[in-house]
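Dear colleague,

Please find below the structure that I promised to hand over, together with my notes on what turned up in it. I would be glad if you could read the notes with the model open beside them.

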Amino acid sequence: MSVPPGVTPKDFSDAIKRWQEALGAEWVFTSDEDIDLYRDPYSPVWHEQEEPIASAAVAPDGVEQIQAVVRIANQYKIPLWTISTGKNLGYGGSAPLLGGSVVLDLKRMNRVLEVNDKNHYALVEPGVSYFDLYRYIQDHKLKVWIDPPDPGWGSPMGNSLERGGGYTPMHDHFDAVCGMEVVLPDGELMRTGMGALPGAKTWQQYKYGFGPYIQGAFSQSSLGIVTKMGVWLYPEPEAYLLGTVMVWKRNDVIPLVEIFTELVSSGTMRGCTTVASPLWLGLPDPELDTLRAGGSVTAMEEYGRRKGIPYWSIPLPFYGPAKVVAAQWEYAKKKCSSIPGVTFQDGPSYRFPLNADDLAKVRDPVQIGIPSLQIFGLLPPQSRGHIGFSPIVPMDGQALIDAFSLFDSIHRELGWGRAVLTTLTSFPRAIVIIDLFPVEKDVEKNRKMRELYRRLIKEAAARGWGEYRTHTTFMGDISNTYSFNNHALRRFHETVKDAVDPNGILSPGKCGIWPKRMRKAEA
Ligand SMILES: Cc1cc2nc3c(=O)[nH]c(=O)nc-3n(C[C@H](O)[C@H](O)[C@H](O)COP(=O)(O)OP(=O)(O)OC[C@H]3O[C@@H](n4cnc5c(N)ncnc54)[C@H](O)[C@@H]3O)c2cc1C
């Protein structure tokens, strides 16, 4: 058994004993076999010296047990790394950022505390997965939708705190959070927003409470352990309609994204979608590969027309009353008709509730609030895992052309071949570019991948594009790029961190924020 950095073996074994007394010995894990389960299967530093491996894991079942864990950790200055369902694949899994940390595993706290289908919210504990919440809603015949990300085995808690996303109108998950209960680093229990008012009647309905809005300080954060969270749900709509807009010239993306932005900002289109280039994503074809590697734009466009593959496409999902979604799609088509040569595809569309036969035919269940694991079946069979480089660029067609061509040229320059690039419109007014690359069980390939990733971070930052979320391996690199005025933002985060967590026990290094005793001079 390893020990946390800076902790003596004697202190660590005393702490383990005290955790065993507080939680029951069966909920304190120290064997290599158990610790292995908390390693990150998608780690880009797999089997290297830097791979951060936990020293132990503890699994409390309730707020008081969490408080006991935290108080003991403070006494011995033992770093903890909190997970809810621990499925954070692509971003660190359930492994800590700092090797030797103790994983605080909240999976046992899996109670759905409330679902309200008149006011459209839920109150959940950390270990509730999207599958659990969906099942609860179905069992109780409630008329609300959840908004799952692609894999349904994660949690509203972990995914929302990481500012993850799904597809329905509630797709910006942190935006849908309303009210938290938090164990602070000293073991104190706090409620945010209206939850600070004893007997509050609107904890899950009104986010802001009174005074500074503090909820955001617990997202992508190391300031607290969230033990309850309110999540806004979507009232089951009457209808869903997907309409796809396709344009055939490279520069058509400029007017297309301008129209799309108006549809998003006005609330005409409220789901999350992708502005993608099917020509760039298309199946390997030697002719297309040659064109992608250096053919002219006109030759690519000509190829696309010949093969029936649009240069760009945007599927537009609409949710709401049947007449309204039909009118929204008509409006979108009318606006896009100003682009010469634009084509449209209607459907699929559904009316709710779906009967069992219709349900079985649904191709993309997450689009209509049904959790699934089918995404794993869509990955290449040889895939061992992936991580994504995901910078935020303006919702602007020229920015997309520039970013795609820059990232593709970096991939090629470093010997990776063409980049597989797509986007997500998870946030209004900006676009997330998704540049996915494989993680291998091969130390040398992973080293090269890290070189590529770090180069992308640097080149993107030089153009004013920053990442919205990243794997633990790159959190320091990305934090370094958010450096306005000599890292004023990070210095502020460090001041807050030192004040609320003076022993530096919660998630050291998360998003580049280290407690004072571990802080190094950053670049
Ligand atoms: C194929 C594939 C597809 C994916 N698709 C999506 C997608 O569509 N959308 C998306 O957003 N993600 C996606 N992901 C990434 C990831 O799988 C999900 O975001 C997943 O929901 C995160 O895992 P989790 O919910 O179990 O969170 P956890 O692993 O439990 O937590 C994530 C992090 O949040 C913090 N945290 C967790 N709980 C607490 C707490 N109680 N208090 C304080 N801090 C806490 C910790 O830092 C923790 O490391 C995908 C991954 C893969 C492999």
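The charged end of Arg108 sits over the ring of Trp27, 3.6 Å from the ring centre, where "over a ring" requires NZ of Lys or CZ of Arg to be within 6 Å of the ring centre and within 35 degrees of the ring normal. Lys87 likewise lies over the face of Trp153, at 4.5 Å from the centre of that ring.

Please bear in mind that this is a predicted model, in which local features need pLDDT of at least 70 and side-chain atom pairs count only at pLDDT 80 or more, while totals for chains, interfaces and linings use all residues. Residues are numbered from 1 along each chain as its sequence is written, and side-chain values use heavy atoms, with hydrogens and water left out.

Turning to the rings, a search of the whole structure finds 21 aromatic pairs; rings of Phe, Tyr and Trp (its six-membered ring) pair if their centres lie within 6.5 Å, and planes under 30 degrees apart count as stacked, over 60 as edge-to-face and the rest as tilted. Tyr206 and Tyr208 form an edge-to-face pair, 5.8 Å from centre to centre and with 90 degrees between the planes. Tyr206 is partly exposed at a relative accessible area of 40%, and Tyr208 is partly exposed at 45% (buried means under 20% relative accessible area, exposed over 50%, and partly exposed in between, with a 1.4 Å probe and protein chains only). Phe389 and Phe407 also form an edge-to-face pair, with 5.4 Å between the centres and 90 degrees between the planes. This pair links distant parts of the chain, with Phe389 in strand 15 (residues 386–389) and Phe407 in helix 13 (residues 397–413), 18 residues apart; helices (H or I, at least four residues) and strands (E, at least two) are DSSP runs numbered from the N terminus.

Helix 13 itself has 17 residues, which at 1.5 Å a residue should span 24 Å, and its end C-alpha atoms are 24 Å apart, in agreement (the expected span is 1.5 Å times one less than the number of residues). Its buried residues include Leu400, Ile401, Phe404, Phe407 and His411. An α-helix has 3.6 residues a turn, so residues three or four places apart point the same way. At the start of helix 13, a side-chain oxygen of Asp396 reaches to within 3.1 Å of the backbone nitrogen of Gln398, and just after the helix Gly415 takes a positive phi of about 85 degrees.

On a 1 Å grid over the protein atoms alone, a cavity is a set of points where a 1.4 Å probe fits but cannot get out, a pocket is an open set with protein on both sides within 12 Å along at least five of seven lines, and lining residues have an atom within 4 Å of a point. Of the 13 residues that line the largest cavity, Tyr130, Asp147, His173, Val231 and Trp232 lie nearest its centre. The second largest pocket has a volume of about 800 Å³, and of its 31 lining residues the closest to the centre are Ser219, Gln220, His493, Cys511 and Ile513. Helix 16 gives the largest share of that lining, 7 residues.

Some backbone details may also deserve a look. Most residues other than glycine have a negative phi, and most peptide bonds are trans. Here, a cis peptide bond joins Gly347 and Pro348, with omega about 5 degrees, and another cis peptide bond joins Phe352 and Pro353, with omega about 0 degrees. Pro348 lies in strand 14 (residues 343–351), whereas Pro353 lies in the loop between strand 14 and helix 11 (356–361). Arg163, which is not a glycine, has a positive phi near 65 degrees and is partly exposed at 31% relative accessibility. Asn486, in helix 16, has a positive phi of about 50 degrees and is exposed, with a relative accessible area of 56%.

With best regards

Technical notes
A polar contact is a pair of N or O atoms within 3.5 Å; within protein, one must be able to donate a hydrogen and the other to accept it, and residues adjacent in sequence count only if both atoms are side-chain atoms. Grid points are joined across faces, edges and corners, and a volume is the space filled by probe spheres set on the points.
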